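Dear colleague,

I am handing over the structure below, and my notes on what was found in it follow. Please read them alongside the model.

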Amino acid sequence: MRRSVASMGPAAVGGVAVKDGSGATSFRFRPQGPGRFFVAAFLSFWLCGWLAGEIFALWVLWRLLTGGLASGQWALPALLFLLVWLSLWSFGGAVALREVLGALWSEDRLVLGPDGSLVRQAQRGPFRRRRPLPRHEIRRFHVAQAGAWGGPLMAERAGRPLEITRLGSPRQRQEAADQLNRLLGLRPLADAPAPARDRAPALAVLPEGWRELTPTFGSPLLVPDPALRRQQRLVMGLVNLVLWGLLALLIRGGTAWPGFWALGIPLALLALAGGWGQLWLALGRREWRLEPRLLVLQRRFGNRLRTLGEARALELIERVDSDGDRSYRLQAIRPPDPPLRIDDDATGPTSLRQLGAWLAARSRVPFEDRVPSEEQRRQQRRAEMERLRQQLAASGRFGRWAARQLERAEN
């Protein structure tokens, strides 16, 4: 578990904000709390074993390469295994090192300049990252409600919301959100009209990752962003290059190696799956045709077009898995047939809410937001606690005692 506290200073302007001599206001968040030391100690111990394994694997790889250069005979299966293993092992070590640095030596800072400019700075150990935030894109700041320690400090934008920091207690992050909204003249959710309170109103804007196309003939189309698809094709191309290269090395080594078929068959299946993925990204896509009061899902592959379904209404739902993690889905409903999925998001419902509002305005179809508000969640929790107390009180003397303790803890 990792916590942080926003730093205070003599030039504090209230809450967690610190003002410097240039007139800029900084919101700084640093690690704090004993739990982070246990995490860092465990990961540091694991990294010692990781380093020993990394050095040994590199030594073995060096011996195989020098032996192959000297004799002209290459142990290709062993080289293939070591390259794959080293890639995964190095990635795991990098992730663990980042967590150690985040627990012991990290800082998130949001700097508000005197001219209203915003810059987000993130530091993990000696590594720093700086990102300007366009002021005109931000509607408000808020703290997402998730888990016992609350959610991250978020900047709600017209497109996909941006996470500012997960450091700090919920109270400290809420103070930062309130001060940012006040300093920038943004309207916090608490100031919204009563019917819209406790739920952010949806903007009818097209979020990041989507693009509207207007053909010369026919209805407008909602498609995945072509720029994003190009990036996906590039990544898939690199993956295919590695997979097919490894498969070629394995085949070149010959079938006499005992583990040829055990390793070659799964690798060949992965290479074929990667090739199909590359072909689909290049020639295929799922798209939505926007008709008046009708949404049509169709699949395009090259010059072939197939209609998959039609819907006349939209809904946004929340899904909770067995671990209590929440995810959100925007879908087109068409009773009595199963709904058609439009998009999923595990970070929050804001971008899906905006997409649903945009589709509703564009095609004039009804849109229902079925994600519970925070007030509805509190009411559900109170109802569950009341039901649990009643069950305990009816179970006997010990249950009545437990029900009283539960009531005291809640009060």
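Strand β8, residues 153–157, pairs with β9 in the antiparallel sense over three bridges, where pairing requires that DSSP finds at least two bridges between the two strands, and where strands (E, at least two residues) and helices (H or I, at least four) are DSSP runs numbered from the N terminus. Within this pair, A155 has L162 of β9 as its bridge partner.

This is a predicted model, in which local features need pLDDT of at least 70 and side-chain atom pairs count only at pLDDT 80 or more, while totals for chains, interfaces and linings use all residues. Residues are numbered from 1 along each chain as its sequence is written, and side-chain values use heavy atoms, with hydrogens and water left out.

The open sheet consists of three strands in the order β7-β8-β9, with antiparallel pairing; β7 (138–143) and β9 (162–165) are its edge strands, each pairing on one side only. From one strand to the next, the twist averages 25 degrees. Helix α3, residues 170–184, packs on the sheet and touches β7, β8 and β9 (contact means heavy atoms within 4.5 Å), and its direction makes about 160 degrees with that of β7, the axes being lines fitted to C-alpha atoms, for helices over the stretch in contact, and the angles running from 0 to 180 degrees between N-to-C directions.

Elsewhere, T66 lies in helix α1, residues 35–71, and its side chain reaches the backbone oxygen of W62 at 2.9 Å.

Best regards

Methods: Polar contact = N/O pair within 3.5 Å; in protein donor to acceptor, adjacent residues only side chain to side chain.
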